[in-house]
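Start with the sequence and structure below.

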Amino acid sequence: MNRRCRTWVIVALASGALLMRPNTVAAEDISGTVVRTLMLSENTRLVGDITCQVTGAPCIAFGASNITLALNGFSITGPNDAGTGCKGTNVGTETGISTNGQSNVGIRGPGVVQRFQGDGILFMATVRGWVQGVTATTNCMSGIRVNPVSSAISVESNVSVRNGTAAAACGGI
């Protein structure tokens with residue numbers, strides 16, 4: 001193959017690899033509308049409110065260990081209506097933030113995680129995690145939940161109010 005063809009093949013392969021990569025947030029700052037799960041790969045901070053339109057999956061999920069999400073006083077808001085709440089149903093997979101089995105990850109407030117069909121914040125299969133200074137409200141399951149296979153999780157100076165439904169009265173933390 002001549003040099004020119006080889007160059008085009010390499011460019012095409014590299015372009016294809018970029019198009020097929022998962023939706024990873026490589027940038028440090030996030031805000032705006034989220035339509036599919038944002039997978040965090042480095043320390044990340046909110047620079048504005050997040051409006052989440054993701055269904056059937058977390059809005060934000062940790063994709064690497066040893067990183068922090070700083071809410072910086074902003075909110076992450078799911079698709080539920082504040083007035084009608086959960087409408088009597090919950091969807092366990094629709095969480096605001098999932099630690100996604102990563103270790104040594106944290107969520108730092110102040111900030112609000114609200115109006116999700118599942119948990120506001122879910123520590124799932126996580127060792128050494130923490131959440132500090134966050135308000136979790138109007139989520140259909142727990143405001144902040146630590147599942148049984150997680151350990152060494154610190155939950156400190158948070159507020160959890162109006163979470164849960166009659167079907168999933170898990171409520172607060």
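Thr99 is buried, with a relative accessibility of 1%. The model is predicted. A search of the whole structure finds 2 salt bridges.

- Thr99 sits in the loop between β8 (97-98) and β9.
- The value of 1% falls under the 20% cut-off, so Thr99 counts as buried.
- Leaving aside residues up to four places away in sequence, Thr99 touches Phe62, Val105, Leu122, Phe123, Met124 and Thr126.

**Salt bridge Arg45–Asp29**

- Arg45 and Asp29 form a salt bridge, with the closest N and O atoms 2.6 Å apart.
- Arg45 belongs to strand β4 (residues 44-52) and Asp29 to strand β2 (residues 29-34), so the pair ties together parts 16 residues apart in sequence.
- Arg45 is partly exposed, at 34% relative accessible area.
- Asp29 is also partly exposed, at 37% relative accessibility.

**Salt bridge Asp119–Arg145**

- The side chains of Asp119 and Arg145 meet in a salt bridge at 2.9 Å, N to O.
- This pair links distant parts of the chain, 26 residues apart.
- Asp119 lies in the loop between β9 (105-114) and β10 (121-123), while Arg145 lies in strand β12 (residues 144-146).
- Asp119 is buried, at 0% relative accessibility.
- Arg145 is partly exposed, with a relative accessible area of 27%.

Notes: Residues numbered from 1 in each chain as written. Predicted model: local features only at pLDDT ≥ 70, side-chain atom pairs only at ≥ 80, totals over all residues. Heavy atoms only, no water. Salt bridge = Lys/Arg side-chain N within 4 Å of Asp/Glu carboxyl O. Helix = DSSP H or I, 4+ residues; strand = E, 2+ residues; numbered from the N terminus. Buried < 20%, exposed > 50% of the residue type's maximum accessible area, 1.4 Å probe, protein only. Contact = heavy atoms within 4.5 Å.
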